[in-house]
Amino acid sequence: MSRKTTPELRGRAARLARLLPTGSARGQAARAPFVLLVVVLLGGGLIGLLVLNSALSEGSFQLDDLKQRTKELTDEEQALQRDIDAYSAPQALQRRARELGMVPGGDPAFLGPDGRVKGSPSPAPAAATPLVLAPEALTATSGSPSAATPSPFTEPSAPAVPASPTAAATPTPTTTPGR
């Protein structure tokens with residue numbers, strides 16, 4: 001009898017051995033799908049990283065643009081706040097009131113809870129009635145001062161004052177602080 005180099009398999013082990021291919025072809029056949037899977041996973045990972053990096057870069061550019069816009073709006077807000085502060089300063093309010101013909105009030109009188117008058121009221125000092133023109137009249141009088149009409153804000157009992165270029169009627173340009 002001749003001896004075989006491989007032991008004989010019996011039963012279940014023999015059936016399983018017949019299902020699997022024999023030799024070195026089996027090792028290479030099993031490696032090809034694994035190598036292909038690894039290459040596909042690596043390629044997909046690199047493409048995913050590239051897409052993620054591009055999205056992050058785009059977000060960074062948008063963030064820089066939004067920061068620049070926020071800085072511009074903050075600067076504008078501060079300039080507007082300076083303008084408001086300049087217009088609401090007591091000296092500016094007093095100047096504008098005088099331009100409009102207002103005068104400081106006299107001494108006030110107060111009413112107590114029992115109805116008595118406390119203090120002695122005095123009228124406001126009389127001032128020369130300045131000519132107050134409506135904004136439409138100021139733009140219409142660029143060439144001829146005789147075409148001006150009095151403002152509807154003047155007293156109805158006051159006589160009509162002919163328009164003449166006076167310091168009170170001439171608009172004064174106001175400068176904006178900080179600009």
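**View 1. Both R116 and D114 are exposed.** Here "exposed" means over 50% relative accessible area, "buried" means under 20%, and "partly exposed" is what sits in between (1.4 Å probe, protein chains only). The two side chains meet in a salt bridge, 3.2 Å from N to O. A salt bridge is a side-chain nitrogen of Lys or Arg within 4 Å of a carboxyl oxygen of Asp or Glu. Keep in mind that this is a predicted model, where local features need pLDDT of at least 70, side-chain atom pairs count only at pLDDT 80 or more, and totals for chains, interfaces and linings use all residues. Residues are numbered from 1 along each chain as its sequence is written, and side-chain values use heavy atoms, with hydrogens and water left out.

**View 2. Salt bridges with shared partners tie R95, R96 and E99 into one network.** R95 pairs with E99 at 3.1 Å, N to O; both lie in helix α3 (residues 90-99), four residues apart, about one turn of the helix. R96 also bridges to E99, with the closest N and O atoms 3.1 Å apart. R96 and E99 are about one helical turn apart because three residues separate them in helix α3. E99 is partly exposed at 27% relative accessible area, R95 is partly exposed at 36%, and R96 is partly exposed at 43%. Searching the whole structure turns up five salt bridges.

**View 3. F34, V35, V38, V39 and L42 make a nonpolar surface patch of about 470 Å².** Patches take residues with over 30% relative accessible area and no salt bridge, joining like charges within 9 Å and nonpolar side chains (Val, Leu, Ile, Met, Phe, Trp, Tyr) within 5 Å. Areas come from the Shrake-Rupley method with a 1.4 Å probe; for residues, only the protein chains shown count as cover. V38 sits in helix α2 (residues 25-87) and is partly exposed, at 33%.

View 4. The chain runs α-α-α-β-β-α; helices (H or I, at least four residues) and strands (E, at least two) are DSSP runs, numbered from the N terminus.
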